[in-house]
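User: I have a structure open and want to go through it with you. Can we take it piece by piece?

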Amino acid sequence: MNLRPLHDRVIVKRLEEERTSPGGIVIPDSAAEKPIKGEVLAVGPGKLLDDGSVRPSDLKAGDTVLFGKYSGTEVKLNGADYVVMREDDIMAVFS
């Protein structure tokens, strides 16, 4: 990837959600929600603190994360969609 996030930003690729409900009903694209689960592709160096030091990020490339539905800024690069967001917008990391 030739996109490097700055400061406490991360680049996330949304993971596709299931297109079938638990009851077996197929959900069409027009009714599907935006996925809120994604894979971290790149992480910035960390958050710049008031005293000038940098707090390293808790995330690393390859982490699967949960984030807000409307978090970040969507970016299209080489035909693929990515979301650039602050580390604070990420709510949880799957283990």
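User: Is Lys-60 buried or exposed?
Analyst: Lys-60 is exposed, since its relative accessible area is 53%. Keep in mind that this is a predicted model.

User: Which side chain does Lys-60 meet in a salt bridge?
Analyst: That of Asp-63, at 3.0 Å from N to O.

User: And Asp-63, buried or exposed?
Analyst: Asp-63 counts as buried, because its relative accessibility is 10% and the cut-off for buried is under 20%.

User: How many salt bridges are there in the whole structure?
Analyst: A search of the whole structure gives 6. One of them joins the side chains of Lys-47 and Asp-88, with N and O 3.6 Å apart.

User: Where do Lys-47 and Asp-88 lie?
Analyst: Lys-47 is in strand S3 (residues 47-48), and Asp-88 is in the loop between S7 and strand S8 (90-93). The pair therefore ties together parts that are 41 residues apart in sequence.

User: What accessibility do those two have?
Analyst: Lys-47 is partly exposed at 29% relative accessibility. Asp-88 is exposed, with a relative accessible area of 51%.

User: Which residue forms a salt bridge with Lys-76?
Analyst: Asp-81, with the closest N and O atoms 3.9 Å apart. Lys-76 counts as exposed at 61% relative accessibility, while Asp-81 counts as partly exposed at 48%.

User: Switching to the fold. How many helices and strands does the chain have?
Analyst: There are 0 helices and 8 strands, so the pattern along the sequence reads β-β-β-β-β-β-β-β.

User: What is the strand order in the open sheet?
Analyst: The order is S6-S7-S1-S2-S5-S8, made of 6 strands with antiparallel pairing. Strand S6 (73-77) and S8 are the edge strands, each pairing on one side only. Direction ignored, neighbouring strands of this sheet are turned by 45° against each other on average.

User: How many bridges do S2 and S5 pair over?
Analyst: S2 and S5 pair over 3 bridges, in the antiparallel sense. Gly-38 stands opposite Val-65 in S5.

User: What about Leu-41, where is that?
Analyst: Leu-41 belongs to strand S2 (residues 37-43). Its relative accessibility is 30%, so Leu-41 counts as partly exposed. The C-alpha atom of Leu-41 is 5.6 Å from that of Ile-11, a residue 30 places apart from it along the chain.

User: Which residues make up the largest nonpolar core?
Analyst: The largest nonpolar core has 9 residues in all: Val-10, Val-12, Val-40, Leu-59, Val-65, Phe-67, Val-83, Met-85 and Ile-90. Strand S1 (9-14), strand S5 (64-67) and strand S7 (80-86) each supply at least two residues of this core.

User: How about the chain as a whole, what percentage of the residues count as buried?
Analyst: 26% of the 95 residues count as buried. The chain exposes about 6,500 Å², and carbon and sulfur atoms supply 53% of that area. Among contacts between residues at least 6 apart in sequence, 60% join residues at least 24 apart.

User: Now the segment before S1. Is Asp-8 buried or exposed?
Analyst: Asp-8, which is found in the segment before S1, counts as buried at 4% relative accessibility. Leaving aside neighbours within four places in sequence, Asp-8 is in contact with Gly-46, Lys-47, Met-85, Arg-86, Glu-87 and Asp-88.

User: Last one: what is phi of Asn-78, and where is Asn-78?
Analyst: Phi of Asn-78 is near 55°, again a positive value in a residue other than glycine. Asn-78 is in the loop between S6 and S7, and it is exposed with a relative accessible area of 70%.

Methods: Residues are numbered from 1 along each chain as its sequence is written. This is a predicted model: local features need pLDDT of at least 70, side-chain atom pairs count only at pLDDT 80 or more; totals for chains, interfaces and linings use all residues. Side-chain values use heavy atoms; hydrogens and water are left out. Helices (H or I, at least four residues) and strands (E, at least two) are DSSP runs, numbered from the N terminus. Buried means under 20% relative accessible area, exposed over 50%, partly exposed in between (1.4 Å probe, protein chains only). A nonpolar core is a set of buried Ala, Val, Leu, Ile, Met, Phe, Trp, Tyr and Cys residues joined through side-chain atoms within 4.5 Å. Contact means heavy atoms within 4.5 Å. Accessible areas come from the Shrake-Rupley method with a 1.4 Å probe; for residues, only the protein chains shown count as cover. A salt bridge is a side-chain nitrogen of Lys or Arg within 4 Å of a carboxyl oxygen of Asp or Glu. Two strands pair if DSSP finds at least two bridges between them. Axes are lines fitted to C-alpha atoms, for helices over the stretch in contact, and angles run from 0 to 180 degrees between N-to-C directions.
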